[in-house]
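Let's walk through this structure together, one step at a time. Have the sequence and the model side by side as you read.

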Amino acid sequence: MDTTKLLRYYEERFDLMSHPGWKTLLEDAKEYRDAVADITTISSGEELQERKGQLKALDWLLTMHEVWEKAYEDLVNEDTK
């Protein structure tokens with residue numbers, strides 16, 4: 001993907017994250033992550049693996065903005081060199 005398309009990709013994601021619904025989604029995801037992170041109710045190894053997968057997906061969602069922001073900054077800095 002060329003730099004212009006990649007910059008547009010990130011800018012579209014930042015636009016998505018500027019909507020009020022995004023903030024609400026993250027609040028819900030944080031609450032759900034807290035519930036999933038409680039391992040005291042796990043009764044099997046299979047359930048533990050399922051929880052790990054859920055946590056990975058939630059962590060991805062919750063850190064998306066920071067990761068994309070860093071990648072965008074790196075791309076802009078690389079493009080100006």
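Which residues does Met-64 touch, not counting residues up to four places away in sequence? Met-64 touches Met-17 and Trp-22, where contact means heavy atoms within 4.5 Å.

A word on the ground rules before going further. This is a predicted model, in which local features need pLDDT of at least 70 and side-chain atom pairs count only at pLDDT 80 or more, while totals for chains, interfaces and linings use all residues. Residues are numbered from 1 along each chain as its sequence is written, and side-chain values use heavy atoms, with hydrogens and water left out.

Met-64, Met-17 and Trp-22 also turn up in the largest nonpolar core, among the residues that touch the most other members. Such a core is a set of buried Ala, Val, Leu, Ile, Met, Phe, Trp, Tyr and Cys residues joined through side-chain atoms within 4.5 Å; buried means under 20% relative accessible area, exposed over 50%, and partly exposed in between, with a 1.4 Å probe and protein chains only. The largest share, seven residues, comes from H3. Helices here are DSSP runs (H or I, at least four residues), numbered from the N terminus.

Now look along H2, residues 20-37. The buried residues of H2 are Trp-22, Leu-26, Ala-29 and Val-36. They cover an arc of only 85 degrees around the axis, so they sit on the same side of H2, the arc being that of the directions from the helix axis to the C-beta atoms. The face turned away from that buried side carries the exposed residues Pro-20, Lys-23, Glu-31 and Asp-34.

Finally, the rings. The structure holds four aromatic pairs: rings of Phe, Tyr and Trp (its six-membered ring) pair if their centres lie within 6.5 Å, and planes under 30 degrees apart count as stacked, over 60 as edge-to-face and the rest as tilted. One of them joins Tyr-9 and Tyr-10 edge-to-face, 5.2 Å centre to centre with 80 degrees between the planes.

Methods: Helix = DSSP H or I, 4+ residues; strand = E, 2+ residues; numbered from the N terminus. Expected span 1.5 Å × (residues − 1).
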